[in-house]
Amino acid sequence: MAVDWTQLPPEIIETISRKITIYSDYLHFQAVCHAWKSSIPETPNHLPPQLPWLLLPQSQSNQSSYRAFFNLSTYKFHSLNLPEASHHKKHCGSSHGWLIILDDSPSILVINPLTRRKIHLPAISSFPNVVSFDYANVGREYLLVNPQGELYTASLRQMRDGFLKKVVMSSSPLEKKGDFFVAMAILCSTGDLAYCKNGDGLWNVVENVRSFSEDVIYFNGSFYAVNKAGQIVVCDVNGNSPKVSLIETPRQIGGDLQYLVSSGDGLLLVTRYLDLDVEFDIFIYKTARFEVFKLDLNGPRWERVTSLGDMMLFIGDNSSLALSASGLSGCTGDCIYYTDDYSANNYDGHVGEHDLGIFKLSDGSIEPLPCYPRNSYSRLQCPPPLWISPNPC
C-alpha cells in the first residue's frame, strides 16, 4: 500500500524537519508540497552554524541580475536573484550572512542574499571627514578633508572603490525585532575606524586608533582591531562615547596581512604572507603561507598555533569566521579557506588566477577550492570572491 507523504501529521513533519542540519536541504524540504511548507517554520532557528557560501565574481559580459554562489557543503552552485550586488558594485564585507554593498552613490546597502531583506547604514556622505556632497559637481561630487586638514575632492567611483576597506557588524541586524547592533567600518582613505548604531543617522570616528586598520572583528561584546604589527585595540562602543584600550603584544614582524578570528572563547591572529609572481609580464601577488597565533592575555603575547584540530578558518573580505569541521561535509579541519582581499591592481582585467584556496596548517600545502581549479585561467573580475554565511535571519 502506497503512503501519501503529503498527509503526514504536521507535528511529524516538523519533527523530521528539525533533523535537517543544512539550510539548502531545509529549503528543499519546504518545497516538497504545500502541506510540508505550512507545517514547519519559514525561518529555521534550530540549524547549527553553516559552512559559508562563496559569492563568485560576475563577468563583464554577464548583465543578468543573478549571482552565482558555490555551496561548500554540497559542492553545488546556486543562482540567486541579487541585482543589488550586480554590475560593478563593490562588496565591502559580509557579516552574519549579510552583504555590505557600495555603488555610485552615497548609499551603503546591507542585504541578506537569501531572504532579500535590506537595511541602509548611514550614507558615505555622513562620515566626519566628508565635508559636503553634491551630484551637480560631476567628477568632484565629494569634498573631503584629510588628517592634515587639507581639502580635496573625489568622484563617485573613487569613493565607491577607495573610501571603505571593510564593514563588519556586531550581529545580524534583523535577527530579532528591535535588536541592538553596531556596524564598524575601516576607512581606506585615513586608516580610521568609524562606527554607527542602528537608528543612527551618521558615522562616528573612534579617536586615536588610526593605525589599527588591518582588520576588525566583534568579540566578547566589543570590537577588536589589529595593526600591521599584530597589536590589538579594544573598542567598546556600547555607551555614549567609545572606550578604547590597548593590548600591546610584542610586535609581529614580516607578515603582509593580518586577520582576527574569534574561535570559541579565544582570539586568533592569522598572518598572511604574499609572494610576487610574474605571469604574462604582469606582476601578481599570491599567497605563500599563513601563520596562526592565539592571544595569551597573561603576557600579553601571541602564542604560535601549530594545529587547529578540527577547526577551520574562513578569511578574506568577510568578517573572519571559525567553524568546527565535525559533522559538516565538504570541508576539512586544520585548514584556512581564503580569498583575495587586497591589491586592486590584481583586478585590472589581467589574465590570471584569483588568489584563493585551502591552506593546510599541518604541512603548509595549498589546494585549490573545488570551484576554482588551479591553472584555470580567465580574466580576473572585481570584486573578488567573498565568503557569506547562509543565514535565514
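Biologist: Why is Arg 160 called buried?

Modeller: Happy to explain, and please keep in mind that this is a predicted model. The relative accessible area of Arg 160 is 9%, and buried means under 20%, so Arg 160 counts as buried.

Biologist: Where is Arg 160 placed, and what is in contact with it beyond its neighbours within four places in sequence?

Modeller: Arg 160 has its place in helix H4. Leaving those close neighbours aside, Arg 160 is in contact with His 88, Lys 90, Leu 102, Asp 103 and Asp 104.

Biologist: What makes Arg 160 and Asp 161 a salt bridge?

Modeller: Their closest N and O atoms are 2.7 Å apart, and the cut-off for such a pair is within 4 Å, so the pair qualifies. In general, side chains of opposite charge can pair when their charged atoms come close.

Biologist: Is Asp 161 buried or partly exposed?

Modeller: Partly exposed: Asp 161 has 41% relative accessibility, and that class sits between under 20% for buried and over 50% for exposed.

Biologist: How do you know that Asp 215 and Lys 166 form a salt bridge?

Modeller: The closest N and O atoms of that pair are 3.0 Å apart, again to be set against the limit of 4 Å.

Biologist: Are Asp 215 and Lys 166 buried or exposed?

Modeller: Asp 215 has 1% relative accessibility and counts as buried. Lys 166 has a relative accessible area of 4% and is buried too. Both values fall under the 20% cut-off.

Biologist: How many salt bridges does the structure hold, and which residues are linked in a network of them?

Modeller: The structure holds 15 salt bridges. Glu 84, Arg 116 and Lys 118 are linked in a network.

Biologist: Let us turn to the nonpolar parts. Which residues have the most contacts inside the largest nonpolar core?

Modeller: That core has 27 residues, and those with the most contacts inside it are Ile 108, Leu 121, Phe 127, Phe 163, Leu 164, Val 167 and Trp 203. Among the elements that each supply at least two of its residues are strand E5 (98-102), strand E6 (108-111), helix H4 (156-162) and strand E11 (164-169). Apart from it lies another core, of 19 residues, among them Val 261, Val 270, Leu 308 and Leu 361.

Biologist: What does Val 167 touch, not counting residues up to four places away in sequence?

Modeller: Val 167 touches Cys 92, Gly 93, Ile 100, Leu 121, Ala 183, Met 184, Ala 185 and Trp 203.

Biologist: Why is Val 278 called exposed?

Modeller: Val 278 has 53% relative accessibility, and exposed means over 50%, so Val 278 counts as exposed. Val 278 is found in strand E20. Together with Leu 276, Phe 283 and Tyr 285, Val 278 forms a nonpolar patch on the surface, with about 410 Å² of accessible area together. Strand E20 (266-279) and strand E21 (282-296) each supply at least two residues of the patch.

Biologist: Which residues of helix H2 are buried, and what covers them?

Modeller: In helix H2 (residues 23-30), Tyr 23, Ser 24, Tyr 26, Phe 29 and Gln 30 are buried. Their cover includes H1, helix H3 (34-39) and strand E1 (53-55).

Biologist: How many helices and strands are there in the protein, and what makes it as compact as a globular protein of that length?

Modeller: There are four helices and 30 strands. The radius of gyration is 22 Å, close to the 21 Å that the globule rule gives for 393 residues, so the protein is as compact as a globular protein of that length. Of the 393 residues, 52% count as buried. The C-alpha trace spans about 80 × 55 × 50 Å along its principal axes.

Terms used: Residues numbered from 1 in each chain as written. Predicted model: local features only at pLDDT ≥ 70, side-chain atom pairs only at ≥ 80, totals over all residues. Heavy atoms only, no water. Core = buried A, V, L, I, M, F, W, Y, C linked by side-chain atoms within 4.5 Å. Buried < 20%, exposed > 50% of the residue type's maximum accessible area, 1.4 Å probe, protein only. Contact = heavy atoms within 4.5 Å. Patch = residues over 30% accessible without salt bridge, like charges linked within 9 Å, V, L, I, M, F, W, Y side chains within 5 Å. Areas by Shrake-Rupley, 256 points an atom, 1.4 Å probe, with all protein chains shown as cover. Salt bridge = Lys/Arg side-chain N within 4 Å of Asp/Glu carboxyl O. Rg over C-alpha atoms; globule rule 2.2 N^0.38 Å.
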